[in-house]
Amino acid sequence: MSMSSLNIAQLRAQFPILQQQVNAKPLIYFDNAATTQKPYAVINAITDFYTQCNANVHRGAHHLSNESTTRFEHARDTVACFMHAANRKEIIWTSGTTEGINIVAHGIAKQLRPGDEVLVTQMEHHANLVTWQQACAQSGASLKIAPIDDDGTLNIDAFVALLSTNTKLVAFPHISNALGTINPIKTLTAQAKKVGALVLIDGAQGIAHAKVDVVDIGCDFYVFSAHKLFGPTGIGVLWGKESVLKNWPVWQTGGEMIANVTYETATWGELPNRLEAGTPNIAGAIGLAAAVEWFSQLDLHALQHHEHALLKHATEQAHNFDGLTIVGNAPEKVAVLSFVLQGCHSADIGFLLDQQGIAIRSGDHCAQPLMRRLTLPGTARASFSIYNTIEEVDAFFIALKKVHQMLI
Amino acid sequence: MSLPTRDDIIDDMAFFDDWEQRYQYIIDLGKSISRIDENEKTDENVVKGCQSKVWLISNLDDGILYFKADSDAVIINGLLALVMVVFNNKTPKDILAVDIDEYFKQLDLERHITPSRGNGLKAIVAKIQAIANSYAN
Ligand SMILES: Cc1ncc(COP(=O)(O)O)c(C=O)c1O
């Protein structure tokens with residue numbers, strides 16, 4: 001099914017969870033930045049794996065193991081192709097974005113020296129901040145923070161000014177989870193490369209909203225979680241340039257990642273295995289590949305157009321809503337409406353919307369320092385995905401009006 | 001501070017037939033609890049495990065435990081009021097005898113007292129019980 005113009009009803013019908021009622025109201029799911037729902041294509045791929053060919057991979061040469069290994073390694077090819085990786089060995093399975101960043105942070109901590117610097121931004125999710133804090137604390141390096149402007153745009157001049165030959169690694173989000181800001185990742189990467197720094201892009205929010213071509217971007221690492229791309233939880237990807245990854249300090253040690261082992265010593269295997277200790281999340285990788293295949297056959301341009309229409313409509317409604325302030329007004333942003341309502345706590349807003357069947361996120365969005373930078377205790381965040389509709393956005397604002405009346 | 005009694009609340013809540021009335025009642029109840037002064041909203045008085053900020057202070061006088069609780073979210077304040085009705089101005093022994101799960105069941109609000117809920121009401125109840133326990137023996 002190729003969709004040059006999008007049929008939303010058809011798309012929605014592929015997500016069984018969207019058919020349900022919550023608190024006796026049709027579910028309106030606006031918490032897509034936290035995790036997306038799963039289409040039948042993904043659910044069926046996981047069920048098929050367990051019902052038809054469950055076996056451990058790369059081990060016993062028996063029928064099931066061969067089939068399982070084939071599907072598992074095919075999943076790696078699917079993801080490599082999706083990200084435009086130069087080589088399938090560059091795809092490392094992780095448990096998610098967080099683990100991907102930890103593998104890189106753990107490795108860089110061994111290389112950093114006092115005087116070295118790591119640069120991140122003010123808009124980081126804790127996963128892309130605390131990890132580098134730890135790496136710097138262990139090595140004596142210092143962490144630099146590139147500021148944002150009040151509208152939630154990264155201040156590029158300040159970012160560039162913080163780069164120097166001391167900068168060993170630069171990490172930033174492709175897209176901010178709390179604000180929706182899309183960062184100019186190619187420009188930022190090019191600037192970081194001028195001083196010879198490694199570049200890691202936190203793609204947790206980017207992967208489902210933009211085309212990702214890692215060669216074209218020019219970064220060294222790009223990490224994401226399957227669950228934000230219509231895939232299962234517990235699986236994600238660390239993509240790294242082969243030249244960088246092949247000597248990267250090993251992460252966990254144990255089975256699968258070794259070449260030769262004696263009682264005293266061990267040598268490490270080749271990529272990708274050297275960074276994948278133990279039995280991998282086989283069903284997860286297969287589920288992720290199914291998500292990628294399903295997503296790839298949709299028309300990305302039409303999807304982006306639809307999401308943009310949702311954001312535009314929501315933003316207009318928000319501007320007409322008394323007491324509402326949008327948090328995050330970057331000119332380049334995805335369909336995320338983060339907001340505060342004067343006199344209302346975001347937890348109360350979230351709770352009373354839930355009573356009306358509407359799921360949003362409220363709080364600090366795992367970005368406490370960003371909230372402090374914006375001098376906000378938190379926000380309410382409605383984050384849209386491809387299966388949401390304009391009618392749902394309208395229903396959301398009617399519900400929000402009721403919430404406002406109750407709280408004021 | 002004039003909170004209704006436990007029985008009044010159970011009667012009132014049984015009377016409502018939609019979520020709006022129920023939660024409007026809870027929000028209004030929250031407005032009637034005595035707030036905590038800003039200078040007493042210290043880190044030590046924060047109850048950990050709540051999504052919104054909750055402060056709890058206690059004071060034992062002549063064998064009776066007095067609590068004050070406050071939150072920056074109004075629904076939590078209402079739930080705190082419900083909790084205060086059964087725990088405040090009691091001896092530690094009486095506090096420990098309260099079956100809070102049963103009370104929330106009677107109010108048809110069990111979902112708020114499950115350990116998985118992020119609003120941390122369970123954490124507040126546990127803190128009150130721990131305080132009572134420390135004075136009970
Ligand atoms: C920008 C960003 N980075 C990192 C993460 C962490 O992802 P995960 O919890 O799947 O590891 C998230 C998830 O919320 C995110 O939005």
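1. Three bridges connect strands β16(A) and β17(A), which run antiparallel; strands are said to pair if DSSP finds at least two bridges between them. Here strands (E, at least two residues) and helices (H or I, at least four residues) are DSSP runs, numbered from the N terminus. Within β17(A), A:T379 is the bridge partner of A:G363.

2. This is a predicted model, in which local features need pLDDT of at least 70 and side-chain atom pairs count only at pLDDT 80 or more, while totals for chains, interfaces and linings use all residues. Residues are numbered from 1 along each chain as its sequence is written, chains are lettered from A and ligands numbered from 1 in the order in which they are written, and side-chain values use heavy atoms, with hydrogens and water left out.

3. Strand β17(A) is also joined to β14(A), by 4 bridges, and these two run antiparallel. A:F339 stands opposite A:A380 of β17(A). In β17(A), 5 of 5 residues are buried, where buried means under 20% relative accessible area, exposed over 50% and partly exposed in between (1.4 Å probe, protein chains only). A:T379, A:R381 and A:S383 point one way, and A:A380 and A:A382 the other. In a regular strand the side chains alternate between the two faces of the sheet.

4. Helix α12(A) is mostly covered, with 8 of its 9 residues buried. Among them are A:I349, A:L352 and A:L353.

5. Which residues have the most contacts inside the largest nonpolar core? They are A:L337, A:I349, A:L352, A:F396, A:F397, A:L400 and B:Y103, in a core of 74 residues. Such a core is a set of buried Ala, Val, Leu, Ile, Met, Phe, Trp, Tyr and Cys residues joined through side-chain atoms within 4.5 Å. Helix α3 (residues 74-87) of chain B gives the most to this core, 11 residues. A second, separate core has 71 residues, including A:C53 and A:L374.

6. The largest pocket holds about 770 Å³ of space. On a 1 Å grid over the protein atoms alone, a pocket is an open set of points where a 1.4 Å probe fits, with protein on both sides within 12 Å along at least five of seven lines; lining residues have an atom within 4 Å of a point. Its lining comprises 33 residues, with A:D364, A:P377, B:Q51, B:S52 and B:K53 nearest the centre. Among the elements giving two or more residues to this lining are β14, α12, β16 and β17 of chain A.

Definitions and conventions:
Points joined across faces, edges and corners; volume = space filled by probe spheres on them.
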